[in-house]
Amino acid sequence: MRKFQVVAPYEPSGDQPEAIDRLATGFLNGDKFQTLKGVTGSGKTFTMAKIIERVQRPTLIISHNKTLSAQLYREFKSFFPNNAVEYFVSYYDYYQPEAYVPARDLYIEKDASINDEIDRLRLAATYSLMERRDVIVVATVSCIYGLGMPDVYKGMRIHVEKGQTLDTLAFARKLISMQYTRNDMVLERGNFRIRGDIIEVFPAYMETDEAYRIELDWEEVARIRRYNVLTGEIREELDETVFYPGKHFVVPHDMLLAATERIQNEMEEQVALFTSQGKLLEAERLKTRTTYDIEMMKEMGYCSGIENYSGPISNRERGEPPATLLHYFPDDFLLLIDEAHVTVPQLGAMYEGDRSRKQNLIDFGFRLPSALDNRPLKFEEFSKKLNQVIYVTATPRPQEIKQSTQIVEQLIRPTGLLDPIVEVRPSEGQMEDIYKEIKERIARNERSLVLTLTKKMAEDLTDYLKELNLKVEYIHSEVETFERVELLKGLREGKFDVLIGINLLREGIDLPEVSFIAILDADKIGFLRSATSLIQIIGRAARNADGTVVMYADRMSDAMKEAITETKHRREVQEAYNKAHGITPQTVKKAVEDILIRQKADTEEEVRIETEVLKKSANLFVPAQRHKLLKALKAEMESCAERLEYEQAAAIRDQILEIEKQYGK
């Protein structure tokens, strides 16, 4: 078995060695819950990598959104080039779940666009977990959704080795039952082809240019080779290989036939119940749909929405939790929960929202009651599947602190940067004070952020500061995703000096040029002014050696006290370390592209998705909705033109002209 080995041009520094040693020792001693309390910029990701290297266990890392997960995935791929680092997030680019709105008698059919590459990465994750132990999977909360039974998934694999007798027809049937498609002309992912004594298989989980070629001598396997599909270059000669299913929701034919009987029986019971209640429309609707799905499963081994029958297929008791990605891990795995203060509450919130939507579908005859068993795990079910956990966050919640056997602080930044100075000033005269602070930063070629509590205040304050000849913009939820990235880029490049918004503390966004942050209404009680939020906001100024945060308030709230006390403690520890080691804090120097190129790539895809959603939902007779769609289409057209996709850009231009002609600009 390969061992985890970190490959990096540097070694742990500051308080990283102590954090690594304490957490790894705690894990090896059997501590179930621990917390790494690491400040922004202290190298938490590198610490996590070194812990994995020390404990040598399969590892699941959960983050709360796709953007941060992608960033972590890239970082861990670079740290562990010789190990299996996989990515497991929702594979939908666009997803409209099946739903029914009784008040409007409106049925909304499931509509989704699946990202082919993410689908491959998900399959690669489960493949790696089945075949090796040196596996790190970076995932979002989608890892607690039903996935398919790991024992069935593993049981359906095909093992091929040199010298064995292979019946070509039987092999082809087996691949088809595993949801592979025969295509003797073009070999693509999830396909196979047979040409005389040569069988070529492109596994659904392989890199996009690699497939396997099996050469037969009559019915004996003479040669197995892994090769490049595009060039034909042979990558590796093999003595044996294994093929796993092309989808997670696959079952053997006999098991599927048994499941269709259970589905048939459940349908008859529910139809009888509807009939006895006088709900004839619901009874007929359910009977028609379910009968069609049963026939599809018998003939094709699959049907649209087969995940809704996962309970009967796996023969689970009603209410029993589904198999998820967690069930593919061995019992001794390590779980790292990144940004735990956000991720853990998100994990706990998935179940109820999913259930309320499905209950309407069941009550009105669109789905069987067992559809409720296709669901995310409840939080207590998720907790039962855990082995040992390390929470990673700068602001652990009381729940994490209470659970953990030890809280390990990581406060030292490799750059020597300190947490910013925090001041409290009265709200009276705050505008004049903010203007003065901003002007000082402009003179030093530095930037400022101002945080308000409402969108209107952000917009009004922007207008006020523009009248004072400041280069300022606002950013909030109604600003298009693509524009947000451009605004952040503009701030860093100096196109404007101030950014005003409600929530500018998004984890993972680094703005080294920002040296001043103003927090208005800091004493107000609520989520945006909680101790956790205030500490996260303060951290946005920790990339600059002259970082200062000013809270404008008329009283000292408990949240403010906690945030100020925590920041003061961190600063004292950091100053003492710098003094002992002769370190002078240096502002982080990063090219604009270093931080924003990833976000730009993500947002181009998000713009496309948002445009598709608007096309489906916008009422073109409503000017505001029409303007929003036209704006999104123009952004997509410009993006296509930048990528030299002129035909696509021209097609979008024609759509814009048609809308303007029929409905106005």
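Predicted model: local features only at pLDDT ≥ 70, side-chain atom pairs only at ≥ 80, totals over all residues.
In the hairpin formed by β11 and β12, two residues lie between the strands, and Gly196 takes a positive phi near 60°. Strands and helices here are DSSP runs numbered from the N terminus, with at least two residues (E) for a strand and at least four (H or I) for a helix. Residues are numbered from 1 along each chain as its sequence is written, and side-chain values use heavy atoms, with hydrogens and water left out.

Let me stay with these strands. β11 pairs with strand β12 (residues 198-201) in the antiparallel sense over four bridges; two strands are said to pair if DSSP finds at least two bridges between them. Within this pairing, Ile194 has Ile199 of β12 as its bridge partner. β12 also pairs with strand β13 (residues 210-217), again antiparallel and over four bridges. There, Glu200 stands opposite Arg213 of β13. As a general point, side chains in a regular strand alternate between the two faces of the sheet.

Asn191 is also found in strand β11. Is Asn191 buried or exposed? At 9% relative accessibility, Asn191 counts as buried, where buried means under 20% relative accessible area, exposed means over 50%, and partly exposed lies in between, with a 1.4 Å probe and protein chains only. Asn191 and Val201 are 10 residues apart in sequence, and their C-alpha atoms are 6.4 Å apart in space.

A second pair of this kind involves Glu473, which is placed in strand β22 (residues 472-475). Glu473 is partly exposed, at 28% relative accessible area. Between Glu473 and Ile500 there are 6.3 Å from C-alpha to C-alpha, with the two residues 27 apart in sequence.

I turn now to charged side chains. How many salt bridges does the structure hold? The number is 51, a salt bridge being a side-chain nitrogen of Lys or Arg within 4 Å of a carboxyl oxygen of Asp or Glu. In one of them, the side chains of Arg189 and Asp116 meet at 2.8 Å, N to O. Arg189 lies in the loop between β10 (181-182) and β11 (191-195), and Asp116 in helix α4 (residues 116-131), so this pair ties together parts that are 73 residues apart in sequence. Asp116 counts as partly exposed, at 49% relative accessibility.

Another salt bridge joins Asp134 and Arg132, whose closest N and O atoms are 2.8 Å apart. Asp134 is buried, at 2% relative accessibility, whereas Arg132 is partly exposed, at 30%. Asp521 and Lys524 meet in a salt bridge as well, at 3.5 Å, N to O. Asp521, at 22% relative accessibility, is partly exposed, and Lys524, with a relative accessible area of 40%, is partly exposed. Salt bridges also link Glu423, Arg425, Asp433, Lys436, Glu437, Glu440 and Arg441 in a network.

What of disulfides, meaning pairs of cysteine sulfur atoms within 2.5 Å? A search of the whole structure finds zero. As for individual cysteines, Cys143 is buried, with a relative accessible area of 0%, and Cys303 is buried, with 3%.

Asp105, in the loop between β5 (99-101) and β6 (106-108), has a phi near 50°, a positive value in a residue other than glycine. Asp105 is exposed, at 55% relative accessibility. Gln179, in the loop between α6 (168-177) and β10, has a positive phi near 70° and is likewise a residue other than glycine. Gln179 counts as buried, at 19% relative accessibility.

The whole structure was searched for cavities of 30 Å³ or more, and one was found. A cavity is a set of points, on a 1 Å grid over the protein atoms alone, where a 1.4 Å probe fits but cannot get out; lining residues have an atom within 4 Å of a point. The largest cavity has a volume of about 40 Å³, a volume being the space filled by probe spheres set on the points, which are joined across faces, edges and corners. Its lining includes Val39, Thr40, Arg413 and Asp419. Which helix gives the largest share of the lining? Helix α16 (residues 531-539) does, with three residues.

Notes: 1 Å grid on protein atoms, 1.4 Å probe; cavity = no way out; pocket = protein on both sides within 12 Å on 5 of 7 lines; lining within 4 Å. Disulfide = S-S within 2.5 Å.
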